[in-house]
Protein chains: 2
Amino acid sequence: MMRKGMEMGGEGVEETGSPIMRTAETLLRVLPMALCVLALIIMLKDSQANEYGSLSYSDLGAFRYLVHASSVCAGYSLLSAVVAAVPRPSTMSRAWTFFLLDQLLTYIILAAGAISAEVVYLAYKGDTSITWSQTCGEFGGFCRKATASIAITFVVTLCYVALSLISSYRLFSKYDAPVAYSDKGIEVATVRS
Amino acid sequence: MMRKGMEMGGEGVEETGSPIMRTAETLLRVLPMALCVLALIIMLKDSQANEYGSLSYSDLGAFRYLVHASSVCAGYSLLSAVVAAVPRPSTMSRAWTFFLLDQLLTYIILAAGAISAEVVYLAYKGDTSITWSQTCGEFGGFCRKATASIAITFVVTLCYVALSLISSYRLFSKYDAPVAYSDKGIEVATVRS
């Protein structure tokens, strides 16, 4: 089994369970936690008042969703980093839990970044056909802070795409490969076993 | 190898390469193609003119992106359905291509659905704090068609989440499981091989 892994999987695969790889995965989970907290703080402090009125992140549904998504993501990242840091054998249920939650968080944080980016885009450009004004002309500071928070959220998304990849590798490498289709597939399998 | 797969993977895993499973995967790729074309047609025909003016999907950046994403998704779904339908051994490069493209399409179509949903939400609710009007009051038909198109896009997203899961299983089940960490991990492995 070990030999097959080395031949098929190429370099690095057989070391995935080593302390170095575990440390790397833990760091990859701590990084989005730190970034989520940063994005959260920037967004929570994002409000501006001037002669045109006042604007706060909580006035926009998309930014409220970003704040919630960042909080959930920071909490999950911390929790999963702690679990990933503890050396113990990887069970199927643990691999499935990591896989499903990593995938879910990736979709949640991607959606949060995408809809917030769309709102900031509309606030910068406006849309004359549906009479939505260019709010960033009056609230430049507000828009810049929101943009910074969204940019950080997209970096978090990239981290989570990588984590999804790692956790799906960890899960599915526990299963055998599906039988490659051929006209003699069943006969070959019978002979082998 | 076969026996291990049956023991570890549980029911169904050993049949993944069978013609039935291949047909199921092909259908799961044809379905989002049909849905993408439907979402595309609804969105492309979505325009309304009345006493307040006229509004078309192309006036909104988010809907233009949805149209592009649906086109790409429909094209890729058709192509991948054809490739998945042909019976031939699954190679590593093919599994990696499917895996990466399925993941990418999932993120693209999820983002398209999310930002379009945000725009429709804003068009229905408006946002008084940044003086964006409730456009759907005047353009109800336009908003209903857009909502239908977005709802279909979310069904496509669900199909692609399932396809990502299948293609990551197909790819990573070809690799050996990482060595479960233990203090004696290396010694045990040496003894076994």
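The questions and answers below cover the disulfides, cores, surface and fold of a predicted model.

Local features need pLDDT of at least 70 and side-chain atom pairs count only at pLDDT 80 or more, while totals for chains, interfaces and linings use all residues. Residues are numbered from 1 along each chain as its sequence is written, chains are lettered from A and ligands numbered from 1 in the order in which they are written, and side-chain values use heavy atoms, with hydrogens and water left out.

Q: How many disulfides does the structure hold over all chains?
A: A disulfide is counted where a pair of cysteine sulfur atoms lies within 2.5 Å. Cys136(A) and Cys143(A) are joined in this way, S to S 1.8 Å, and Cys136(B) and Cys143(B) form a disulfide with their sulfur atoms 1.8 Å apart. Over all chains, the number of disulfides is 2.

Q: What is the handedness of the disulfide of Cys136(A) and Cys143(A)?
A: The handedness follows from the torsion about the S-S bond. For Cys136(A) and Cys143(A) that torsion is about -85 degrees, so the disulfide is left-handed.

Q: Is Cys143(A) buried or exposed?
A: Relative accessible area under 20% means buried, over 50% exposed, and in between partly exposed (1.4 Å probe, protein chains only). Cys136(A), at 8% relative accessibility, counts as buried. Cys143(A) has 3% relative accessibility, so Cys143(A) counts as buried.

Q: Which cysteine sulfur is nearest to that of Cys36(B), which is in no disulfide?
A: Cys136(B) and Cys143(B) are linked, with -85 degrees about the S-S bond. Cys36(B) is in no disulfide, and its nearest cysteine sulfur is 3.1 Å away. That distance is too far for a bond, although Cys36(B) is buried at a relative accessible area of 1% and Cys73(B) is buried at 0%. The nearest cysteine sulfur is that of Cys73(B).

Q: Which residues touch the most other members of the largest nonpolar core?
A: A nonpolar core is a set of buried Ala, Val, Leu, Ile, Met, Phe, Trp, Tyr and Cys residues joined through side-chain atoms within 4.5 Å. The largest has 80 residues, and elements giving two or more residues to this core include α2 (19–44) of chain A and α2 (19–44) of chain B. The residues that touch the most other members are Phe63(A), Trp132(A), Phe63(B) and Trp132(B).

Q: Where does Val86(A) lie?
A: Val86(A) is partly exposed at 36% relative accessibility. Together with Leu78(A) and Val82(A), Val86(A) forms a nonpolar surface patch with about 240 Å² of accessible area. Val86(A) lies in the loop between α3 and α4 of chain A.

Q: Which residues does Ser47(B) touch, not counting residues up to four places away in sequence?
A: Ser47(B) is found in strand β1 (residues 47–50) of chain B, and is partly exposed with a relative accessible area of 49%. Contact requires heavy atoms within 4.5 Å. Ser47(B) touches Leu55(B), Ser56(B) and Phe142(B).

Q: What pattern does chain A follow along the sequence?
A: Helices (H or I, at least four residues) and strands (E, at least two) are DSSP runs, numbered from the N terminus. Chain A has 6 helices and 2 strands. Read along the sequence, the pattern of chain A is α-α-β-β-α-α-α-α.

Technical notes: Patch = residues over 30% accessible without salt bridge, like charges linked within 9 Å, V, L, I, M, F, W, Y side chains within 5 Å. Areas by Shrake-Rupley, 256 points an atom, 1.4 Å probe, with all protein chains shown as cover. Salt bridge = Lys/Arg side-chain N within 4 Å of Asp/Glu carboxyl O.
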